[in-house]
Amino acid sequence: MSDKKQITYKDSGVDIKAGEEMVESIKGVVKDTHGPEVLSNIGGFGGFFRPDLGSYKKPVFVSSVDGVGTKLIVAFKAGKYDTVGQDLVNHCVNDIAVCGAKPLFFLDYFSTGKLEQHVGVDVVKGFAKACKENGVALIGGETAEMPDIYDAGEFDLAGTIVGIVDEDKVINGDSIQKGDVLLGFKSSGLHTNGYSLARKVLFSKYKVENYVEELGSTVGDELLKVHKSYLSLITGLKELDGVNGFSHITGGGIVGNTKRILPEGLKLDINWDSWERPPVYNLIQEIGNVPEDDMQATFNLGIGLIAVVSEEQVDTVKAKAKELGEEEVFELGRII
């Protein structure tokens, strides 16, 4: 045999055994998200999901894929990894819920330079927690160890959600009319958008662990607030007469997202003073001298979901929203 030094896959930075151990360690939390529709547990080549289509006349599958952007950098700085998985699931759930869909199952992608098992497990626990809360099955995923792409301690996430809706119950904004009212519902913070700007500004003055009086928390805790799921709210409102559309406020802000569902010839007339922005936005704008146009185009500004409602149904929708736990509903403007 040659005396030449052997180079193994582990020497190149990929530890197969660590990956296998992580898969074994998360099987329990993943299985907790499964109902009778799931035909396999994690570890096979594919996830099997048998939907009950009996109550659907013309079932349509609705899907979405997303990530959590540079919010991950805040998680790295804070050493807190159990919330970003929840962010990703809730973001994806909201994206299909506003189309009228019921989410069915979720698939995740976790990639890192060097797999640290406790980090991966925390992230997956976050996926599983949000999946359980939303009644979604976590049926599979991919863990990739890719040295030289990520620096030490870094990783990236992506997720895919699949849901279902009857074709005649798809919500696409077609019924929105002139005079409809924009009802806004609170976000739980920045959600998963605008973090490149927020980080550039806030970390120019503060560290992640700094307590800031205006926020009533540390910078890290404020920025790592979990992206809110609006599934139960949307489910409760979408059957009401006069609810003509929903907008999930993500990248692009209130206008950028809501105009996507407007029929041709209609536009938004927003009263930007109709709600009080949470302190974090005022802090970002003040420290960074951020132009108002940039604030509006980058952040949700405290509004995570908008329902477009016929004027005569506003009080009914507000009452139902309160029943569903939304104490404050803001009239943001109208369709013109």
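**Exercise 1.** Work out whether E331 is buried, partly exposed or exposed, and find its salt-bridge partner.

*Solution.*
Step 1. E331 has a relative accessible area of 38%. Buried means under 20% relative accessible area, exposed over 50%, and partly exposed in between, with a 1.4 Å probe and protein chains only. E331 is therefore partly exposed.

Step 2. A salt bridge needs a side-chain nitrogen of Lys or Arg within 4 Å of a carboxyl oxygen of Asp or Glu. E331 has such a bridge with K318, where the closest N and O atoms are 2.8 Å apart.

Step 3. K318 belongs to helix 11 and E331 to strand 11, so the pair ties together parts that are 13 residues apart in sequence. Helices (H or I, at least four residues) and strands (E, at least two) are DSSP runs, numbered from the N terminus. K318 is also partly exposed, at 26% relative accessibility.

A word on the model: it is predicted, local features need pLDDT of at least 70, side-chain atom pairs count only at pLDDT 80 or more, and totals for chains, interfaces and linings use all residues. Residues are numbered from 1 along each chain as its sequence is written, and side-chain values use heavy atoms, with hydrogens and water left out.

**Exercise 2.** Find which parts of the chain the salt bridge of E311 and R334 links.

*Solution.*
Step 1. The side chains of E311 and R334 meet at 3.2 Å, N to O.

Step 2. E311 sits in the loop between strand 10 (303-309) and helix 11 (314-323), while R334 is in strand 11 (residues 329-335). The two are 23 residues apart, and the pair links distant parts of the chain.

Step 3. E311 is partly exposed at 46%, and R334 is partly exposed at 33%.

Step 4. The structure holds ten salt bridges; another one of them joins D82 and K80, with 3.2 Å between the closest N and O atoms.

**Exercise 3.** Describe how helix 5 and helix 9 cross, and which residues make the contact.

*Solution.*
Step 1. The axes of helix 5 (residues 195-202) and helix 9 (residues 279-288) come within 9 Å and cross at roughly 60 degrees.

Step 2. Angles under 35 degrees count as roughly parallel, over 145 as roughly antiparallel, 65 to 115 as roughly perpendicular and the rest as oblique. Helix 5 and helix 9 are therefore oblique to each other.

Step 3. Contact means heavy atoms within 4.5 Å. A198, V201 and L202 of helix 5 meet V280, L283, I284, I287 and G288 of helix 9.

Terms used. Axes are lines fitted to C-alpha atoms, for helices over the stretch in contact, and angles run from 0 to 180 degrees between N-to-C directions.
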